[in-house]
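Here are my notes on this one, as numbered points. Have the structure open while you read.

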Amino acid sequence: MTATMKAPLQAVNETALAMHRVQHAFDGHTVVKGVDLTVAPGEVVCLLGPSGCGKTTLLRIAAGLETLQEGSVSLQGEQIAAPGLRHVPPEKRNVGLAFQDSALFPHLSVLENVAFGLKHLSVKERRERAEELLSQLGMANYMTTYPHMLSGGQQQRVALARALAPEPRLMLLDEPFSSLDARLRDRIRDDTLHVLKKVGAATLLVTHDPEEAMFMADRIALMRDGRIVQTGTPRELYCSPKDPFVVTFFGEVNELEGVVEEGHVATPVGWVPAENIADGTTVQVMIRPEALRIIERDLPVHAHAHSHIVMAKLLGRSSLLHLCAHGENGQEAHLHARVPGVFLPSEGQPIDIHLDLSQVFVFPQDSQDSMPQV
Ligand SMILES: Nc1ncnc2c1ncn2[C@@H]1O[C@H](COP(=O)(O)OP(=O)(O)O)[C@@H](O)[C@H]1O
Ligand SMILES: [Mg+2]
């Protein structure tokens, strides 16, 4: 081969962020325990988990705000941190940062804040780039405004535009919407998602909110107590959860207990398959509220020993039904069913209950304890 051979093309597709076996301790207390995490070019990855599980620490290691203690961190294939050997400082990493309460420069206008990091461009180019991003984030009418005149939500939009302006190799966002009230948050999330996708920014977004993660993410890495429990698309985590913690983290579930007999578990709502679990094993059966299909029965109200409605509440987009499920074997259970729209049968209404098995999960009792919702 000749010396004129071009650089290999795959360099262009290099993983935006690769963290390998990252471990981190504060005062001898390990809070990040051997984490592997990647973000592909243009991909939005959400690091999701309960408060205190180590998300911010991991993000700060990627940003260079914490010194790497163990493992390795690469940006676009370039190793930027190696314990005791190498630490590229944050400002040299070409990453865009935005946090829950990102401080803007108070003495600079909105436009100047966003153009600030673009020193390498001409004045005209800086202005154009800043204007474009601010427009995409709904801030076209505030270019000359000063930060103290903006609402919290508007300040977050400017902070995002400022982080995106220099076309960073990686965007690192730590709970950027969590200080905003719900309705405003939904709009900013939506605008942010569209801008990130439009500019094709590789993004690692930290959140404790499962709905936010599902809304924003191409992939979710769910973390618990310093470890990543499961990584996958929102659908993979929701529909094929690896353990009870993953199930409960995405919302309320009905939990029942049973014993496997001939590959099945008897529950008050019928037999549930327990694949690959030995007969005689005590199992936890987790039934999502939307897995329960309710059919009203034309029986005398309060029919003896029949499943029935205990209470029905309209939650807005869905109705929540409190049920008493009565099994063939005499077992009873109080369950919650969630049904789309307005469906409010009266108290005592006899019902049949059908199970959508794709929203039912069975785990051996000794698998990771489920945790309460945060
Ligand atoms: N600078 C620090 N010094 C000591 N302990 C810290 C420091 N930063 C974080 N921690 C601890 O590390 C753990 C993980 O924190 P953090 O990464 O902020 O979690 P999360 O972002 O998931 O809420 C927590 O127990 C927290 O108290
Ligand atoms: Mg945090």
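1. How many bridges join β17 to strand β18, and which way do the two run? There are six bridges between β17 and β18 (residues 318-326), and the strands run antiparallel. If you want one pair to click on, take Met-311, whose bridge partner in β18 is His-322. Bear in mind throughout that this is a predicted model.

2. Now the sheet around that pair. It is an open sheet of three strands, ordered β17-β18-β19, with antiparallel pairing. β17 (308-314) and β19 (332-340) stand at the edges; each has a single partner strand, so one side of each is left without a neighbour in the sheet. From one strand to the next, the twist averages 20 degrees.

3. Stepping back to the whole protein: I'd start with the secondary structure, which comes to eight helices and 21 strands. The C-alpha atoms fill a box of roughly 80 × 50 × 50 Å along the principal axes. Of the 374 residues, 36% are buried. Take the contacts with a separation of 6 or more: 65% of them are between residues 24 or more positions apart.

4. On the domains, the division is into domain 1 (11-244) and domain 2 (253-364). Their centres, taken over C-alpha atoms, are separated by 41 Å. Four residues from domain 1 and five residues from domain 2 make the contact. On the domain 1 side, the touching residues divide into three nonpolar, no polar and one charged.

5. Next, the five-stranded sheet. This is another open sheet, in the order β2-β1-β4-β5-β6, and its pairing is antiparallel. β2 (29-39) and β6 (86-87) are the edge strands, each pairing on one side only. Eight bridges join strand β1 (residues 17-26) to β2, and these two run antiparallel. Within that pairing, Phe-26 stands opposite His-29 in β2. Helix α1 (residues 55-63) packs on the sheet, where it touches β1, β2 and β4 (70-75). The direction of α1 makes about 120 degrees with that of β1.

6. Which residues are found around ligand 1? The shell consists of Phe-26, Val-31, Gly-49, Ser-51, Gly-52, Cys-53, Gly-54, Lys-55, Thr-56 and Thr-57. Helix α1 supplies the largest share of the shell, three residues. By type, the shell divides into three nonpolar, six polar and one charged.

7. One loop residue deserves a look as well: is Ala-165 buried or exposed? Ala-165 is found in the loop between α4 (152-164) and β8 (170-174). Ala-165 has 22 other C-beta atoms within 10 Å, and the cut-off for a buried residue is 20 or more, so Ala-165 is buried. Leaving aside residues up to four places away in sequence, Ala-165 touches Val-114, Ala-115, Gly-117, Leu-118, Arg-129, Ala-130 and Leu-133.

8. Last, a distance to check on screen. Ala-165 and Arg-338 are 173 residues apart along the chain, and 43 Å separate their C-alpha atoms.

Methods: Residues are numbered from 1 along each chain as its sequence is written. Chains are lettered from A and ligands numbered from 1 in the order in which they are written. This is a predicted model: local features need pLDDT of at least 70, side-chain atom pairs count only at pLDDT 80 or more; totals for chains, interfaces and linings use all residues. Helices (H or I, at least four residues) and strands (E, at least two) are DSSP runs, numbered from the N terminus. A residue is buried if 20 or more other C-beta atoms lie within 10 Å of its own, exposed if 12 or fewer, and partly exposed in between; C-beta atoms are placed from the backbone. Two residues are in contact if their C-beta atoms, placed from the backbone, lie within 7 Å. Two strands pair if DSSP finds at least two bridges between them. Axes are lines fitted to C-alpha atoms, for helices over the stretch in contact, and angles run from 0 to 180 degrees between N-to-C directions. A residue is near a molecule or strand if its C-beta atom, placed from the backbone, lies within 6 Å of it. Ala, Val, Leu, Ile, Met, Phe, Trp, Tyr, Cys and Pro count as nonpolar, Asp, Glu, Lys and Arg as charged, and the others, Gly among them, as polar. Domain bounds come from an automatic or database domain assignment.
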